[in-house]
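These are my notebook entries on a single structure. I record each item that I looked up, together with the criterion applied.

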Amino acid sequence: EAIEKGGFDHFMLKEIYEQPKSIRDCLRGRLIAANGHLALGGIHKHYQELVNANRIIIVACGTSWHAGLVAEYLIEDLTRIPVEVEYASEFRYRNPIIAPGDIVIPISQSGETADTLAAIELAKEKGAIILGVCNVVGSSIARASHEGAYIHAGPEIGVASTKAFTAQLTVLSMIALMIAREKKTISEQKYLELLYAMDAIPEKVEKSLELNAQIKYISSIYKGASNFLYLGRGYNFPVALEGALKLKEISYIHAEGYPAAEMKHGPIALIDEEMPVVVIAPHDNSYEKIISNIQEIKARKGKVIAIVNEGDAVIETMVDHVIKVPRTKEELMPLVSVIPLQLLAYYIALDRGCNVDQPRNLAKSVTVE
Ligand code: G6P
């Protein structure tokens with residue numbers, strides 16, 4: 001097992017560190033920025049139906065559902081196709097509206113999640129086209145799909161999903177960009193800019209991993225907290241959910257992710273000097289708005305750990321800690337902003353003496369309902 005962990009103390013840490021490589025593996029042969037090439041070999045027969053879809057329904061559970069939520073922002077923003085993201089367990093029992101020709105994208109690391117598999121079977125019966133996004137080759141969900149794209153992240157052993165999440169985002173970004181180019185819902189220039197930005201993501205993830213020592217230090221300060229709040233807006237709202245999920249899963253600290261502006265409709269009541277709040281605040285369209293949210297937290301003496309972009313000199317004057325990650329296009333920021341949140345959860349869990357790779361009560365793949 002020590003050999004399999006490749007010198008890391010845990011599979012989770014190894015998998016966090018593998019991300020520059022797993023994202024590169026996922027892009028390999030599919031995206032060639034220099035000549036504007038982007039193609040997913042696995043989506044071929046149903047390519048035109050995907051491009052011309054009236055709507056896309058994403059079904060998933062857990063971390064994969066969070067990747068789906070980012071994809072909703074991406075696909076709607078870039079392609080103007082309406083997207084719905086459904087928890088597979090709800091979708092399958094709520095008599096969902098599915099029309100023949102609707103595109104259903106199940107997202108699953110293991111490809112074995114029972115609820116997601118059942119949701120696909122239901123959608124298939126109603127005439128939907130299923131384009132699976134899975135990691136495990138030959139898995140049940142991959143086989144039940146009409147076509148799809150593997151994320152090529154390699155085996156993920158840690159129960160808390162890390163490298164599968166970023167590889168899922170990579171595939172989903174490629175799907176959004178392929179459709180957008182074909183439909184001309186974005187300019188060729190924007191398409192190329194995004195292609196170059198995707199090509200540069202592995203390097204930016206690598207730079208974010210260099211924040212390891214700083215994040216370890218911050219973790220040692222907050223390891224005793226009983227609650228955490230994670231806030232983000234726009235593309236980073238799902239990242240807030242994912243950051244909170246990572247912490248809950250492995251450290252057993254209660255954590256909630258929220259859209260930053262929605263905080264005033266509830267969670268703000270919880271904020272006092274005991275409450276660490278992780279705010280994802282990169283330089284994007286929501287920047288000014290999220291600064292106001294930070295002020296609201298500080299006015300109530302909450303402790304703020306802000307994930308900002310390199311070069312940001314404003315937020316550090318307002319908060320307790322800043323973690324500076326490289327800048328990228330707004331649409332791709334989740335691929336970078338999630339990295340410090342994975343490390344934060346890892347080090348807090350470690351400091352609390354938790355079993356990081358095999359948290360209590362959780363399974364890597366949930367094959368029963
Ligand atoms: C379990 C795992 C999570 C995972 C979820 C969905 O809860 O512990 O890490 O996100 O299942 O799994 P899937 O394999 O379908 O992505």
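Helices here are DSSP runs of H or I with at least four residues, strands are runs of E with at least two, and both are numbered from the N terminus. The model is a predicted one, in which local features need pLDDT of at least 70 and side-chain atom pairs count only at pLDDT 80 or more, while totals for chains, interfaces and linings use all residues. Residue numbers start from 1 along each chain as its sequence is written.

I then checked the length of α14. Its 19 residues should span 27 Å at 1.5 Å a residue, and the end C-alpha atoms are 28 Å apart, which agrees; the expected span is 1.5 Å times one less than the number of residues.

I next examined burial (buried: 20 or more other C-beta atoms within 10 Å of the residue's own; exposed: 12 or fewer; partly exposed: in between; C-beta atoms placed from the backbone). In α14, 18 of the 19 residues are buried, so the helix is largely enclosed by the rest of the structure. Over the protein, buried residues make up 54% of the 369 residues.

I looked up the largest nonpolar core and found 131 residues, with Ile 58, Val 104 and Tyr 346 among those with the most contacts inside it. Helix α14 (residues 333-351) gives the most to this core, with 14 residues. A core of this kind is a set of buried Ala, Val, Leu, Ile, Met, Phe, Trp, Tyr and Cys residues joined through C-beta atoms within 7 Å.

For Ala 306, I listed contacts (C-beta atoms, placed from the backbone, within 7 Å). Leaving aside neighbours within four places in sequence, Ala 306 touches Val 279, Ala 281, Ile 294, Ile 315, Val 319 and Val 322.

I turned to Ala 269, in the loop between β9 (254-259) and β10 (276-280). Ala 269 counts as exposed, with 10 C-beta neighbours inside 10 Å.

I found 16 residues around the ligand, the closest being Gly 62, Thr 63, Ser 108, Ser 110 and Thr 113. Helix α4 (residues 62-79) supplies the largest share of the shell, three residues.

Definitions and conventions:
Contact = placed C-beta atoms within 7 Å. Near = placed C-beta within 6 Å.
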